[in-house]
Every structure is written in structure tokens, then in C-alpha cells.
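This briefing is for a reader new to the structure shown below.

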Amino acid sequence: METEPSENPAEELLDVVDAEDRVTGTARRGEVYARGLRHRCVFVRVRDAGGHTFVHRRTATKLLYPSRYDLFVGGVVGAGEEYDAAALREAEEELGVDGLPAPTPLFSFLHDDPEGHGSWWSRVYEVRCEPPVRPQVSEVAWHAFLTDEELAARLPKWPWVPDGLAAWQLLAAREREGR
């Protein structure tokens, strides 16, 4: 079953999953967040040809982590949707582009939210995208492609979304290990 688009994100249907990422039911996003039900998310690191990473600040109207910075584009996986399809859909929507190549899956992890919003299975991807991008104004308040040095300077200073920061730390560790 595909998720029907909704004007109200809280009404979007999501799969609820167990500790092994098996679907156990469905619920509306608002209920998933309110009850801390385990669900699925995708994180897509976007880089340009020069290796700069797309970074953005979320809008103040986001249900979770409003006005915080993120190192990934992405979001929840809809009910009945596959991770790979969600990664491409979310990347194209948030960047405001069409025709992206399929994002490359890198790894998965179970994120336990330190702010009490529950836990979610998270699949991390990477994709190359050449500017210009036209990010969704409902999702992105500010954006830039930053160098590794610019990112390193901002990581300890800016308020980041905790799940994106966890994904970034895992990705950085894997890259240091040569995986």
C-alpha cells in the first residue's frame, strides 16, 4: 500500500516496526511521534562534484526538531514504501530537483532519540547532485554546500538534529575505517 500525499504531515501513514525492522502495523505520523512508536527513516548525504556537502536548517514548522540544522535530506518512510524509493523521493522533494540518480545505500542503524521521541530504523544513503537546487520552502529555511573544513568548524557550534548527527558520526567513523 502506498502512502497518500497529505497536506497535513501528521496524517501521513507510516509502518510501525519492531526491533528487527519487521512491520508490525501502521499508524499516522502524529500518533507515531506522540506515542514514540518505532518506524523507518532515510538519511541522504548530498554532495556536489567538488565533494561539498549539502547542509540545511529545517523550517520552524517541522513536527520534530524545528529550526535545527541537518547534514542530510530525508525523512520518514511511508507505509508500504521501500527504503530505496523513500530515499530518492525525499532527496528530490527536499532539493527541488528531478532526475537524481538512485541514492547509494551505505548502512542502517537503530536510532534511540535522546529527546524522548522514541526510536526509528534509519538507512543512510549518498547521492551526487549538482547545483542549482531549489529546496522545498516548507522543509528548508536555509541551505548551502559546505566543504569538510566548513562543516568541521560548524559541528560543535550549530544546533543539529540528533538523528542526523548520529548518522553523520557513524558515517564519519566508517569512512575513517575505510568502509
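The count of aromatic pairs comes to 10. One of them joins W142 and W158 in an edge-to-face arrangement, with 5.6 Å from centre to centre and 90 degrees between the planes. The model is predicted, and every value below is computed from it.

**Aromatic rings**

- The pair of W142 and W158 links distant parts of the chain, 16 residues apart. W142 belongs to strand β9 (residues 140-146), while W158 lies in the loop between α3 (148-154) and α4 (162-176).
- W142 is partly exposed, with a relative accessible area of 30%. W158 is also partly exposed, at 22%.
- W158 has a second aromatic partner, W160, in a pair that is tilted: the centres are 5.8 Å apart and the planes are at 35 degrees.
- Is W160 buried or exposed? W160 is buried, because its relative accessible area is 7% and the limit for buried is under 20%.
- Elsewhere, F43, F72, F107, F109 and W168 form one aromatic cluster.
- The ring of Y83 has a charged neighbour: the charged end of R123 sits over this ring, 3.9 Å from its centre.

**Salt bridges**

- How many salt bridges does a search of the whole structure find? The search finds 15.
- Side chains of opposite charge can pair when their charged atoms come close.
- R35 and E31 are 4 residues apart in helix α1 (residues 29-35), so about one helical turn separates them.
- R35 is exposed, with a relative accessible area of 56%, whereas E31 counts as partly exposed at 34%.
- E126 and R45 form another salt bridge, their closest N and O atoms being 2.6 Å apart. This pair links distant parts of the chain: E126 is in strand β8 (residues 119-128) and R45 is in strand β3 (residues 39-47), 81 residues apart.
- R45 counts as buried at 3% relative accessibility, while E126 counts as partly exposed at 24%.
- R89 forms a salt bridge with E93, and here the closest N and O atoms are 3.6 Å apart. R89 and E93 both lie in helix α2 (residues 83-95), 4 residues apart, which is about one turn of the helix.
- R89 counts as partly exposed at 24% relative accessibility, and E93 counts as partly exposed at 34%.
- Salt bridges that share partners join R45, R47, E126, D148 and E175 into one network.

**Helix α2**

- The buried residues of α2 are Y83, A86, A87, E90, A91, E94 and L95. These residues cover an arc of only 130 degrees around the axis, so they are on the same side of α2.
- Which strands do the buried residues of α2 pack against? They pack against β3, β4 (53-58), β6 (73-76), β8 and β9.
- Just after α2 comes G96, which takes a positive phi of about 70 degrees.

**Residue F54**

- F54 is found in strand β4. F54 is buried, with a relative accessible area of 1%.
- Leaving aside residues up to four places away in sequence, F54 touches V46, D70, L71, V73, L95, V133, P135, H143, A144 and F145.
- L95, one of the residues that F54 touches, is among the buried residues of α2.
- H143 is another of the residues touched by F54. F54 and H143 are 89 residues apart along the chain, and their C-alpha atoms are separated by 7.0 Å.

Definitions and conventions:
Residues numbered from 1 in each chain as written. Predicted model: local features only at pLDDT ≥ 70, side-chain atom pairs only at ≥ 80, totals over all residues. Heavy atoms only, no water. Phe/Tyr/Trp six-rings, centres within 6.5 Å; stacked < 30°, edge-to-face > 60°. Helix = DSSP H or I, 4+ residues; strand = E, 2+ residues; numbered from the N terminus. Buried < 20%, exposed > 50% of the residue type's maximum accessible area, 1.4 Å probe, protein only. Lys NZ or Arg CZ within 6 Å of the ring centre and 35° of its normal. Salt bridge = Lys/Arg side-chain N within 4 Å of Asp/Glu carboxyl O. Arc of directions from axis to C-beta. Contact = heavy atoms within 4.5 Å.
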